[in-house]
Structure formats: C-alpha cells, structure tokens
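Subject: Handing over the structure

Dear colleague,

Please find below the structure that I am passing on to you. My notes on what was found in it follow after it.

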Amino acid sequence: MGHPSSYRQKESNDIDTKPAKLKGILSGCYYFICPPIYWKLYFLNETMNTTTPQIFSTEEWYRNNQRRFNQSDISRAEWFRVCQQSKQLAKEKRLLTDTVQEDVTKKIADRAKQIFDCQKDLEKTLEQLTTEIKKLHSEKKRLENTLNEVQMSLIVGQESLDLRDQRISSDLVHDRVQDELHREIEIVQTYKDLTKMILAELENQIR
C-alpha cells in the first residue's frame with residue numbers, strides 16, 4: 001500500500017494537466033467549426049476559375065440543327081433501305097420454302113403411292129402363294145393316295161404271278177396272260193417311281 005502523500009501528488013498533477021487537454025479539444029472543435037482562412041481562399045479561387053459555357057449564335061444553331069436533320073434523313077433512308085431488303089429477302093425465302101415444300105410434298109405423295117402399290121402387289125402375291133400352297137397340299141394328298149393305289153396294284157399283280165407259279169402239272173404254263181401280268185407290273189412300277197419323284201419335288205416346293 002502506497003503512502004498518502006503520493007496520492008495527493010498524483011491528484012495535483014492530474015488537476016494541472018486537465019486545462020491543457022481541454023484547451024486542445026476546444027482548439028480542434030474550433031478548427032472544424034471555423035476553418036482557417038486558406039480554405040476560404042481555396043473555395044474562392046475555385047469559384048473564380050469556373051469556365052463560362054460557350055454561347056452559340058442563331059446561325060450556328062440553325063446549322064447544327066440542319067446537320068442533325070440531314071443525319072436523321074440519312075439514317076431514316078438507310079433504315080428504309082434495310083427494311084425493304086429484309087422484306088424482299090423474306091419474300092424470296094418464303095417463295096423458296098413454299099416451292100421446296102411443294103416439291104417435297106409431291107415426292108412424298110408419289111413415294112407413298114409407290115409403297116401402297118407395292119403393298120397391294122405383295123398382298124396379291126401372298127394371296128396367290130397361299131392359294132398355290134393349298135393346291136400343292138391338295139395335289140400332294142392326291143399323289144399319296146395314288147401311290148397307295150399303285151402299291152396295291154403291284155401287290156395284286158405280284159400275287160397273281162405267285163399264284164400262277166404255284167400251279168402244278170400241265171397247268172404250269174407260260175402263256176400270254178403271264179406276259180401281260182409281267183408287263184403290267186413293270187408299267188405300274190415305273191408309274192410308282194415317277195409318282196415318288198413328283199411327290200418329292202412337290203414336298204420341296206411346299207418347303
């Protein structure tokens with residue numbers, strides 16, 4: 001703990017420095033509230049140095065406006081020219097588009113007609129093929145029946161020959177009937193082979 005006399009000395013020093021601090025604060029406030037004289041001179045000089053706007057005569061005003069009018073006429077003429085060119089170009093492109101579209105539409109219609117005709121031809125051909133296949137199946141069945149009948153004829157002819165060969169004594173003779181039986185069997189066998197060939201070819205056509 002310090003001595004009481006030291007506190008008194010410190011308080012007296014603070015009291016002595018307070019007027020100086022207060023004086024500095026007041027001086028700063030005065031500086032901002034009442035600026036120095038050179039600030040006044042600066043603003044006065046700037047005011048005096050302000051340039052006076054240029055004043056034109058009536059003739060110059062007319063010339064300037066005429067120049068602007070001429071420039072406006074040129075710009076308007078250029079705009080009109082560009083508009084006309086744009087309209088002409090749009091018209092040409094529209095005509096070209098219509099022509100191309102008409103040509104493409106005609107080609108598509110022709111192609112569609114060709115496809116429709118091809119479809120009709122295919123349907124007609126398919127119908128004819130279906131009919132032909134039915135006829136082939138019917139013919140195949142008829143040939144199979146014929147082949148069975150031919151086979152039966154061969155069996156009958158061969159049995160007849162076998163029975164004639166089984167005759168005894170004077171009945172065992174080689175006569176005209178036996179020759180005709182042999183000839184008949186040969187003809188029937190040839191017809192059977194031919195029928196088999198036709199039937200095989202018919203089956204290939206059906207496949």
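Leu96 is partly exposed, since its relative accessible area is 49% (buried means under 20%, exposed over 50%, and partly exposed in between, with a 1.4 Å probe and protein chains only). Please bear in mind that this is a predicted model, in which local features need pLDDT of at least 70 and side-chain atom pairs count only at pLDDT 80 or more, while totals for chains, interfaces and linings use all residues. Residues are numbered from 1 along each chain as its sequence is written, and side-chain values use heavy atoms, with hydrogens and water left out.

Surface patch

Leu96 lies in helix H3, which covers residues 58–165 (helices are DSSP runs of H or I with at least four residues, strands are runs of E with at least two, and both are numbered from the N terminus). Together with Val100, Val104 and Ile108, Leu96 forms a nonpolar patch on the surface, and the accessible area of these residues together is about 350 Å². Patches are made of residues with over 30% relative accessible area and no salt bridge, where nonpolar side chains (Val, Leu, Ile, Met, Phe, Trp, Tyr) are joined within 5 Å and like charges within 9 Å; the areas come from the Shrake-Rupley method with a 1.4 Å probe, and for residues only the protein chains shown count as cover.

Nonpolar cores

The largest nonpolar core has six residues, namely Val150, Leu154, Leu161, Leu181, Ile185 and Val188 (a core is a set of buried Ala, Val, Leu, Ile, Met, Phe, Trp, Tyr and Cys residues joined through side-chain atoms within 4.5 Å). H3 and helix H4 (176–206) are the elements that give two or more residues to this core. Leu161 is in contact with Gln178, Leu181, His182 and Ile185, if its neighbours within four places in sequence are left aside (contact means heavy atoms within 4.5 Å). There is also a second, separate core of five residues, among them Leu136, Leu143, Leu199 and Leu202.

Thr195 lies in helix H4, and at 3% relative accessibility Thr195 counts as buried. Not counting residues up to four places away in sequence, Thr195 touches Leu143 and Leu147.

Salt bridges

Side chains of opposite charge can pair when their charged atoms come close. The structure holds nine salt bridges (a side-chain nitrogen of Lys or Arg within 4 Å of a carboxyl oxygen of Asp or Glu), including the following.

- Arg81 pairs with Glu78, with the closest N and O atoms 2.3 Å apart; both residues lie in helix H3, three residues apart, about one turn of the helix.
- Lys106 pairs with Asp110, with the closest N and O atoms 3.3 Å apart; Lys106 is exposed at 54% relative accessible area, whereas Asp110 is partly exposed at 36%.
- Glu180 pairs with Arg183, with the closest N and O atoms 2.7 Å apart, and both lie in helix H4, three residues apart.

Why are Lys106 and Asp110 separated by about one helical turn? The reason is that they are four residues apart in helix H3.

Aromatic pair

The count comes to one aromatic pair, in which Trp61 and Tyr62 are edge-to-face, at 4.9 Å centre to centre and 70° between the planes. Rings of Phe, Tyr and Trp (its six-membered ring) pair if their centres lie within 6.5 Å, and planes under 30 degrees apart count as stacked, over 60 as edge-to-face and the rest as tilted. Trp61 is partly exposed at 48% relative accessible area, while Tyr62 counts as exposed at 53%.

With best regards
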